[in-house]
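Good morning, colleagues. Please look at the sequence and the model first.

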Amino acid sequence: MQSNETAGRDLLSRMLLVTDEDGQFMSEMEISNNIIGLLVASYETTSTAVTFVLKHLAELPRIYNEVYREMMAIAKTKGPNDLLSWEDIEKMKYSWNVARESLRVTPPAQEAFRESVTDFTYAGFTIPKGWKTFWTVHTTHKNPKYFPDPEKFDPSRFEGSGPAPYTFVPFGGGPRMCPAKEYARLEVLAFMYNVVRSFKLEKLIPDEKTVIHSSPVPVKGLPVCLQPHGN
Ligand code: HEM
């Protein structure tokens, strides 16, 4: 149930109430397109991100142990019913490097579409208005020039100043970059904290393949055995 304080503050209510500079409301089609767009942009990306973080944690015990150590150091400072705070998230530096390395190796969104709104010339090429193209992470994420030994899962790539600008682009880049990048960081780290603190992970299909169905997906759905710590 909504309290008076939260009533009308959800996204759908806002879209129903907002008007443009001419006082026009959004059409039903615009609102449904926006809601569907947001569901697609937020749900599949995040679930793919946490799936592959889990996969890497289950496959790489040394990295799992480091994440466990970092998460337990935070857990020890908190009471049993305390929620994670922003300060806690800021302390999860190694864990975020692991999540970023997972996003580099297996980016949930592999490409995004663009359409030029005007004629323009770039680097000697003339791009006409209406030209449709797409950018992709594949040109840099696995390029040994930017990520030496690119197939190696190595969270230390993100230490210090990290990768060169615009080489690590799981959230895109520029004005249309994912607006929920920081929110996604919270989601992924809160997920890692809760899983790793409670369970050890063991993949049930050690050599399970990954396929791309618009996003990467483990073919059998990544069955994992969760073993509570201390058992
Ligand atoms: C790990 C999770 C996520 C990843 C990897 C991701 C990745 C991306 C990428 C690559 C783009 C396209 C950027 C471009 O065109 O340059 C994008 C756009 C977008 N994302 Fe995310 N995203 C994630 C989570 C989310 C979440 C949780 C939401 C909403 C709550 C969200 C909302 C959006 C929206 C609305 C856009 C379109 C922005 C625009 O066109 O101006 N994303 N995202």
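A polar contact here is a pair of N or O atoms within 3.5 Å; within protein, one must be able to donate a hydrogen and the other to accept it, and residues adjacent in sequence count only if both atoms are side-chain atoms. In R114, a side-chain N or O atom lies 2.7 Å from an oxygen atom of the ligand. For R176, the distance from a side-chain N or O atom to a ligand oxygen is 2.7 Å. A41 contributes through its backbone, where an N or O atom is 3.3 Å from a nitrogen atom of the ligand.

Let me state the basis of these values. This is a predicted model, in which local features need pLDDT of at least 70 and side-chain atom pairs count only at pLDDT 80 or more, while totals for chains, interfaces and linings use all residues. Residues are numbered from 1 along each chain as its sequence is written, and side-chain values use heavy atoms, with hydrogens and water left out.

Which protein atom is the donor to the iron atom of the ligand? The single donor from the protein is C178 (SG), at 2.3 Å; donors are N, O and S atoms within 2.8 Å of the metal (3.2 Å for Na, K and Ca), and sites may look incomplete because water is not among the atoms. C178 belongs to the loop between β4 (132-136) and α6. Helices (H or I, at least four residues) and strands (E, at least two) are DSSP runs, numbered from the N terminus.

Now the wider shell. The ligand is surrounded by 22 residues, the closest being R114, W135, R176, C178 and A180; a residue counts if one of its heavy atoms lies within 4 Å. Helix α2 gives the most, six residues. At least two residues each come from α2 (28-59), β1 (111-115) and α6 (181-198).

Finally, the hairpin. Strands β6 (residues 210-213) and β7 (residues 215-218) run antiparallel and are joined by four bridges; strands pair if DSSP finds at least two bridges between them. V211 is opposite V217 in β7. One residue separates the strands, and S214 in the turn has a positive phi of about 60°.
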